[in-house]
Amino acid sequence: MSQKTVLITGATAGIGLAGAQELGRRGWKVLVHARNEARGKGALETLRAAVPRGDFDVVTGDLSSLKSVAELARQVAAKAPVLDALWNNAGGIQSERKASADGVELQMAVNHLAAFALTSRLLPQLKAAPAGRVVATSSGAHPLAPGNIQDWFLDRPGKYRPMQVYGQTKLANILFTQELNRRLAGTSVTAHSFHPGFVRTSFGSGGDPSKKSVFEMMGFLALPPEKGADTGVFLVDDPEPAKTPGRYWVKRKPKNPSGKATLEAGARLWAQSEALVEKAWQKAEV
Ligand SMILES: NC(=O)c1ccc[n+]([C@@H]2O[C@H](COP(=O)([O-])OP(=O)(O)OC[C@H]3O[C@@H](n4cnc5c(N)ncnc54)[C@H](OP(=O)(O)O)[C@@H]3O)[C@@H](O)[C@H]2O)c1
C-alpha cells in the first residue's frame, strides 16, 4: 500500500504536534505546518526524536495573512500532488481586539478564514487521493457564538468579548465542514470536525511563550495533548468516519452540534468567506 500524506496546520505545539507524532508513528508522511522556519525546525527535532523512523517535512506560513496562506498552499502542492488528508488545526484565542494583515478580526482570520482559503487551494490535491479527508479542530465552546449571525466578519463595536468571538470561530469550523461536505457530495473527499476536550497546551497564551496559558493555570483539570489529538487522528486515519461525513465528533463519536449550526448559517458564512478571500488574493496577485 502506498504511503499516505497529511498536512497538519499548527503542528508545532499542543494538539497538532501530538497528532503529527501519532500519524508519523502510524506510517503517514506528515507535512508539519509551522508559522516560520525556526518554529518548524524545533517541531521537526521533537518529532524525529520521538519517532526516529517517521517521515516528517516542514511547510511554513503565517495564517494571519491570506497571501502567506496562498504561499503555504503552493509549498504543499509541490510536495504533495496527492494529499490524503488536510487537518486544519491551528488556532487560538486573543484577549484583545486585533486585525489580520487583511484587516479581518484576528481570531476569525486565523481560526476560520485561513482554513477556508487553504482548503479551497488544496482541493485538487485532496481530490487526487482515493479518499481525501478534511478535518477541523473545532471546540465544545462553539455554542458561545452569538445567535443568528448575519455578517460573519463584522467586528462588533464596543467591548471585545474574547470567548464569544472564539465561540464564533469554532462554530464557523463546524459550519464550514458541513457546507464543504455538502459541496463535495459525489467526490471522493469528505469533511469532519471535532472537539478535542479540555487539553493542556499553550492555548490562550496568544503565541507569547512568556504568558501562561489557561491550561497551565488550570492544568490539573486538562487532558494531555495526545488524548486531545486522539479524535483528530481517528478522523484522519480510520475508514469509519467517511461513512457519515460532515459530522461533528467528540471522543470518537458523532454528536449533534449546537442548534446554531444551520444550513442557512453555513451558506452565508461560505459566501462571505469566499468573497473576502477572492478580494484579498486579487489584491495580493496570488
Ligand atoms: N486546548 C484545548 O483545550 C482546546 C479545546 C478546544 C479546541 N481547541 C483547538 O485546538 C486547536 C489547537 O490548539 P492547541 O490547544 O493545541 O493550542 P497551541 O498549543 O497554542 O497550538 C496552536 C498551534 O497553532 C499555531 N498557530 C496559531 N496562530 C498561528 C498563525 N497565525 N500562523 C501559523 N500558526 C499559528 C501555533 O503556532 P505557534 O506555536 O507558532 O504559536 C501552534 O502550532 C485550536 O484550533 C484550538 O481552538 C483547543
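These legends describe close-up views of a predicted model. Local features need pLDDT of at least 70, side-chain atom pairs count only at pLDDT 80 or more, and totals for chains, interfaces and linings use all residues. Residues are numbered from 1 along each chain as its sequence is written, and side-chain values use heavy atoms, with hydrogens and water left out.

View 1. Helices (H or I, at least four residues) and strands (E, at least two) are DSSP runs, numbered from the N terminus.

View 2. A polar contact here is a pair of N or O atoms within 3.5 Å. A side-chain N or O atom of Arg 39 lies 2.3 Å from a ligand oxygen atom. For the side chain of Ser 202, the distance to a ligand oxygen atom is 2.9 Å. Gly 10 uses a backbone N or O atom, 3.2 Å from an oxygen atom of the ligand. Taken alone, the ligand exposes 900 Å², and the protein buries 93% of that (Shrake-Rupley method, 1.4 Å probe).

**View 3. The open sheet.** Eight strands line up as E3-E2-E1-E4-E5-E6-E7-E8, with mixed pairing. Strands pair if DSSP finds at least two bridges between them. Strand E3 (55-60) and strand E8 (253-255) are the edges, each pairing on one side only. Strand E2 (residues 29-34) and E3 pair in the parallel sense over six bridges. Lys 29 stands opposite Asp 55 in E3.

How values were computed: Polar contact = N/O pair within 3.5 Å; in protein donor to acceptor, adjacent residues only side chain to side chain.
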